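Here's a protein model to look over. Take a moment with the sequence and the 3D view, and then we'll walk through it piece by piece.

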Amino acid sequence: MACPFDNDPVDEGALRFFANGSFLYNVGDAEHLSKATVCRAVRKVCLALKRLLSIFIVFPGHKPVRAIKEEFHRIAGFPSVIGCIDGTHIPITAPSHNEADYIICDAAYIISNVEAKWPGSVHDSRIYRESNLSNRLQRGEFDGLLLGDRGYPCQPRLLTPYPDPEPGPQQNFNRAHCRMRARVEMTIGLLKARFQCLRHLRVTPERACDIIVACVVLHNIATIRGEQHPALQIEDPVDDPIHLPAMQDGRAVRDTICHNHFRD
């Protein structure tokens with residue numbers, strides 16, 4: 001598919017904004033464009049990239065499910081994983097608040113699902129619970145598991161670490177779980193390193209959602225093309241003070257995997 005904004009200096013100004021996170025008038029000065037022109041270009045490119053969302057953001061991924069599971073299994077011996085999930089915040093100036101999002105990735109740092117529409121005060125578990133993907137997983141539309149931190153409830157299709165692991169299999173389970181989950185933490189770090197605008201957006205929340213999705217599409221295109229990774233600074237994970245109760249079936253699935261795959 002041909003890129004809808006190749007070799008257009010106006011559209012290149014929009015891409016410069018995504019990459020550098022500069023004020024619009026700074027981008028305009030660099031490209032010899034007015035602020036209004038850059039603003040229109042950012043909007044045009046965002047909408048063009050949103051039209052590619054269903055092509056480049058696909059859950060559980062572009063590869064066969066078996067291949068996705070095998071790639072995750074090679075990391076830490078964890079079976080049946082098709083994605084790792086984590087939340088992230090995007091600061092927004094106008095009005096002043098954070099955008100709370102979740103991202104799901106595969107083992108190759110490709111983002112397979114993104115939810116970008118919630119204010120930063122909303123808890124990760126609610127964002128996931130009310131998402132379309134959560135409902136589809138619960139209905140059994142996908143053959144596989146997600147892994148998330150303790151900000152999420154332990155469910156049959158979304159496994160979290162043991163809150164107080166006993167020595168032996170439970171600790172082994174948690175160590176493997178942590179190694180797997182590092183993929184999504186690195187993916188979020190790569191996304192924000194590639195697109196500095198996500199460090200602080202100076203737009204309305206509605207426009208912020210479009211910019212986030214546009215950056216995710218561009219991130220996946222760059223990853224699929226094998227573009228060089230930017231210098232990475234992983235955000236320190238914040239321990240969530242809310243430890244949600246595990247659903248009974250979720251605990252049973254976790255215990256079964258722990259017993260069958262992580263015994264000493």
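Does Phe173 count as buried or exposed?

## Starting at Phe173

Phe173 counts as buried, because its relative accessibility is 0%, and the cut-off for buried is under 20%. You'll find Phe173 in helix 8, which covers residues 169-194.

So what does Phe173 touch, once neighbours within four places in sequence are left aside? Its contacts are Phe78, Thr160, Pro161, Tyr162, Arg254, Ile257, Cys258 and Phe262. Another residue to look for is Asp255: 82 residues separate Phe173 and Asp255 in sequence, yet their C-alpha atoms are 9.4 Å apart in space.

## The whole model

Keep in mind that this is a predicted model. The mean pLDDT of the protein is 84, with 79% of the residues at 70 or more. One stretch to treat separately is residues 238-244, where the pLDDT is below 50; in the model, this stretch has 12 contacts beyond near neighbours in sequence.

The protein has 10 helices and 5 strands. Out of its 264 residues, 50% count as buried. If you take the contacts with a separation of 6 or more, 64% of them link residues 24 or more positions apart.

## The nonpolar core

In soluble globular proteins, nonpolar side chains tend to be buried together. Here, the largest nonpolar core has 67 residues. Phe18, Phe78, Met180, Cys197, Leu198, Leu201 and Ile211 have the most contacts inside it. Helix 9 (residues 205-224) gives this core its largest share, 8 residues.

Leu201 is a handy one to click on. Not counting residues up to four places away in sequence, Leu201 touches Phe17, Ile90, Pro91, Ile92, Thr93, Ala208, Ile211 and Ile212. Phe78, for its part, is also on the contact list of Phe173.

## Where helix 8 meets helix 9

How do helix 8 and helix 9 sit relative to each other? Their axes come within 10 Å and cross at roughly 105°. That angle makes helix 8 roughly perpendicular to helix 9, because angles of 65 to 115 degrees count that way.

On the helix 8 side, Thr187, Leu190, Leu191 and Arg194 make the contact. Helix 9 brings Cys215, Val216, His219, Ala222 and Thr223. Sorted by type, the residues of this contact are 5 nonpolar, 3 polar and 1 charged.

Note on methods. Residues are numbered from 1 along each chain as its sequence is written. This is a predicted model: local features need pLDDT of at least 70, side-chain atom pairs count only at pLDDT 80 or more; totals for chains, interfaces and linings use all residues. Side-chain values use heavy atoms; hydrogens and water are left out. A nonpolar core is a set of buried Ala, Val, Leu, Ile, Met, Phe, Trp, Tyr and Cys residues joined through side-chain atoms within 4.5 Å. Buried means under 20% relative accessible area, exposed over 50%, partly exposed in between (1.4 Å probe, protein chains only). Helices (H or I, at least four residues) and strands (E, at least two) are DSSP runs, numbered from the N terminus. Contact means heavy atoms within 4.5 Å. pLDDT is the predictor's confidence in each residue, from 0 to 100. Axes are lines fitted to C-alpha atoms, for helices over the stretch in contact, and angles run from 0 to 180 degrees between N-to-C directions. Angles under 35 degrees count as roughly parallel, over 145 as roughly antiparallel, 65 to 115 as roughly perpendicular and the rest as oblique. Ala, Val, Leu, Ile, Met, Phe, Trp, Tyr, Cys and Pro count as nonpolar, Asp, Glu, Lys and Arg as charged, and the others, Gly among them, as polar.
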